[in-house]
Amino acid sequence: MWAIYWRTIRDRRSSLAIYVAITVILVWLYVSLFPEMAKQSERFNELMKAYPEQLMKAFGIESPGVIFSKLENFLAMEQYSLTWPILLVALFISWGGAALAGEIEKGTIELLLAQPVSRSKLFWSKYLSGLSGLIVFVLVSVYSAIPLAAAYDVSYRLAHFNKMAIIGFLFGWAIFSLAIFFSALFSERGRVYFLTAGVTLIMYVLNLVANLKESLSDLKYLSLFHYFNANDALMENKIDDLSYLVFIVSALVFSGLGALTFTRRDIAV
Amino acid sequence: MSAIEIKNLKKFYGRTKAVSDISLSIAKGEIFGFLGPNGAGKTTTIRCLLDFIRPTSGSIKIDGKDSRLESVAVRQRIGYLSGDVRLYENWTGQDHIGLMQKIRGRSGVANDLIRRLDFNPKAKTKNLSSGNRQKLGLILALMHEPDVLILDEPTVGLDPLLQNTIYEILREFKQKGRTVFMSSHYLREVELVCDRVGIIRNGLLVASEIISNLKKMRLYHVSVFFSEPTKVNFGEAAQVIRSSGTTAELHVQGDINPLIEKISRYKLRDLEIERASLEDIFMEYYEKE
């Protein structure tokens, strides 16, 4: 089991390194810009007041005045509310799709299935490798802000970054579990990418619409993006209990279904 | 105890019957050839043996172990090679061998196989020719010295030299008392290496014959070109397909000597004797049904 786990990590390390590097560069950029932005916060706040209130709410901005007051607030808005989840979703949909459906599509699954390794061990090797990649991505991309903040002499609150790492990991875990469920179900990577990205996009739109239109506000409960509240985590050092519950249950249900599907299905290359 | 015991194997995909009903038993130390045209159910049967796909009904035992319920223990004793071996394109041969050694334990024969097959394990597989890819597939199948070797058309597209090396390895494998189950399109290949052959059509095993018996029913297409218009009564020696004065196209089943004796009395311009194709052998079986 561990042989396949390590081999998968080795095969994915380049893409993981590239995505992590992009997030670190972005964090670096935002941290380096923050001191200047903070100095001009009055002007930016005035500018942002001109935007419609509903639109600001749709992007989770309740009070524009606080954005430039703290590094955590600035990063929550600029990095962790949109760019970071997009990168995470792209990386782990790709990882999940390649893990099983990719092996079936390329035919290399035959090499693994012909070995004395049970289907369930094969599934969990691939699953754990993805989870390990997720932990590396979250830890490096979130905590890279700490030494960078120190380097630019910007104050930071470690506890807030801890919360960000937790909510980021839970969100990524749920998305990766969804991707690996589809990967266990289908034999082509394209279908996995299409369906996981499609479901994720629908959830994003549902959350956006729910925030824009009061009468549709209940739709937000159908979206994982509602429970992934980077603003609360980084600005307020807060994660709702419901968010923990939704992410953990989603991840466990989809990974369990994925394992069950993969161990029972026919695999014909 | 048989090395492989298949009982009433059926595999349906919805209403499509991939394998209708196959029962066969393969003894230890036997090389069994599994012949049939495309879509006959050969690969489906092999995938069931390896537990890649699950039978609709029936059972498979390998070395007395259920291939479905004890699949890990079964695969511990199996080596598998497909004719279209799929490899990780960015890995080297050594990467593949290394992974298998991590899963199954250190191989005592991997280096011997590499030397014998003249394989370069340092090259990335995306740069390998189809022959070299097949060599690597063979090394991966044999390196843990399995008791049962399952091969799905292992020599498709290989040059005759490499084909012969594979046949030689299979014979040595058999001499060690190990069992081979191989599907093939090539009658010559089956005749060369197999002890027994099973012929499959539309998911049914229509015949299972010892190779020596199959050889007795050899079929030939013979074209005789006489120097001058000749009328010959071929009698029992051959079946006339077409005849026109100076040319006769014949079909011979079994011993060809009576025909040779008969035509040797005439002056010939040319003579062509062609071994019947596998399809003709199949037809013989289909007509028997």
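**Labels and the values behind them**

Guide: Happy to! Leaving out residues up to four places away in sequence, Ile166(A) touches Ile239(A) and Tyr244(A). Please keep in mind that this is a predicted model.

Visitor: What makes Ile239(A) and Tyr244(A) count as touching Ile166(A)?

Guide: A contact needs heavy atoms within 4.5 Å. Ile239(A) and Tyr244(A) are both in contact with Ile166(A). As for its place in the chain, Ile166(A) belongs to helix α9 of chain A, residues 158-185.

Visitor: Why is Ile166(A) called partly exposed?

Guide: Its relative accessibility is 35%. Buried means under 20% and exposed means over 50%, with partly exposed in between. The value of 35% falls in between, so Ile166(A) is partly exposed.

Visitor: How far apart are Ile166(A) and Ala233(A) in sequence and in space?

Guide: In sequence they are 67 residues apart, and in space their C-alpha atoms are 8.7 Å apart.

Visitor: Let us turn to chain B. Why is Thr45(B) called buried?

Guide: Thr45(B) has a relative accessible area of 0%. The cut-off for buried is under 20%, so Thr45(B) with its 0% is buried. Thr45(B) sits in helix α1 of chain B, residues 42-49.

Visitor: Which residues is Thr45(B) in contact with, leaving aside neighbours within four places in sequence?

Guide: They are Ile6(B), Leu9(B), Val19(B), Ile22(B), Phe34(B) and Ile200(B).

Visitor: What share of chain B is buried?

Guide: Of the 289 residues in chain B, 53% are buried. The chain has ten helices and 14 strands. Among its contacts between residues at least 6 apart in sequence, 70% join residues at least 24 apart.

Visitor: Now the two chains together. What makes Lys11(B) and Asp266(A) a salt bridge?

Guide: A salt bridge asks for a side-chain nitrogen of Lys or Arg within 4 Å of a carboxyl oxygen of Asp or Glu. Between Lys11(B) and Asp266(A) the distance from N to O is 2.5 Å, so the pair meets the cut-off. The count between chain A and chain B is three salt bridges.

Visitor: How do you know how much area is buried between chain A and chain B?

Guide: Interface size is often given as the accessible area lost when the parts come together. For chain A and chain B that area is about 2400 Å², with 55% from carbon and sulfur atoms. In chain A, Glu110(A), Leu111(A) and Pro116(A) lose the most area to chain B, together 25% of what that side buries. The contact takes 27 residues from chain A and 24 from chain B.

Methods: Residues numbered from 1 in each chain as written. Chains lettered and ligands numbered in written order. Predicted model: local features only at pLDDT ≥ 70, side-chain atom pairs only at ≥ 80, totals over all residues. Heavy atoms only, no water. Helix = DSSP H or I, 4+ residues; strand = E, 2+ residues; numbered from the N terminus. Buried < 20%, exposed > 50% of the residue type's maximum accessible area, 1.4 Å probe, protein only. Buried area = accessible area lost by both parts, 1.4 Å probe.
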